[in-house]
Amino acid sequence: MYNDKNFRTAKPFSFGLAMAGGIGIVLMILALGVGVVQPDANSYVIGMVFVIGLAMMVTGIGAWIFTARPFDHFDDINQPLEDDHGHGSHSASGHTIEVHRDEAGHPITVIDDGT
């Protein structure tokens, strides 16, 4: 089933900022790689590509932090999350799922169908 909420380009602005930051990292790695492999390469060009990559990375990450505000919208693992199906955690078929543990502590799932 297709879900718009979890599709990676559902928020194109955040996706573009992530792409800018990622392209910046790739440019920095390429500049450093060319600088190592070709010792007689033009150091000005390598330096400028590295600086442009650094600027793209900092701009992308900084703008993403400013727009997405991940520090305000973090998940609390102690709070259950709704399952987006419009019903509670009860099964429609009347089955009860119980989790038991064996002697080693491994979980064993038992489904009681009510019969």
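Colleague: What should I know before I start?

Modeller: The model is predicted, so local features need pLDDT of at least 70 and side-chain atom pairs count only at pLDDT 80 or more, while totals for chains, interfaces and linings use all residues. Residues are numbered from 1 along each chain as its sequence is written, and side-chain values use heavy atoms, with hydrogens and water left out.

Colleague: Which elements make up the secondary structure of the protein, and how do they run from the N terminus?

Modeller: Helices (H or I, at least four residues) and strands (E, at least two) are DSSP runs, numbered from the N terminus. Here there are two helices and two strands, in the order α-α-β-β.

Colleague: At what angle do α1 and α2 pack?

Modeller: Axes are lines fitted to C-alpha atoms, for helices over the stretch in contact, and angles run from 0 to 180 degrees between N-to-C directions. Helix α1 (residues 12-37) and helix α2 (residues 43-68) pack at about 155°, and their axes are 7 Å apart. That makes α1 roughly antiparallel to α2 (angles over 145 degrees count as roughly antiparallel). Their crossing is left-handed, meaning that the near helix is turned anticlockwise from the far one by less than a right angle.

Colleague: How many nonpolar, polar and charged residues are in that contact?

Modeller: Ala, Val, Leu, Ile, Met, Phe, Trp, Tyr, Cys and Pro count as nonpolar, Asp, Glu, Lys and Arg as charged, and the others, Gly among them, as polar. By class, the contact of α1 with α2 has 19 nonpolar, seven polar and no charged residues.

Colleague: Which residues of the two helices are buried?

Modeller: Buried means under 20% relative accessible area, exposed over 50%, and partly exposed in between (1.4 Å probe, protein chains only). In α1 the buried residues are L17, G21, G24, M28 and A31, and what covers them includes α2. In α2 they are I46, G53, M57 and G60, which pack against α1. Across the 115 residues of the protein, 8% are buried.

Colleague: What does M57 touch, beyond its neighbours within four places in sequence?

Modeller: Contact means heavy atoms within 4.5 Å. M57 lies in α2 and is in contact with A20, G21, G24, I25 and M28. At 19% relative accessibility, M57 counts as buried. In sequence M57 and A20 are 37 residues apart, but their C-alpha atoms are 6.5 Å apart.

Colleague: Is F50 buried or partly exposed?

Modeller: F50, in α2, counts as partly exposed at 28% relative accessibility. Not counting residues up to four places away in sequence, F50 touches M28, A31 and L32.

Definitions and conventions. Angles under 35 degrees count as roughly parallel, over 145 as roughly antiparallel, 65 to 115 as roughly perpendicular and the rest as oblique.
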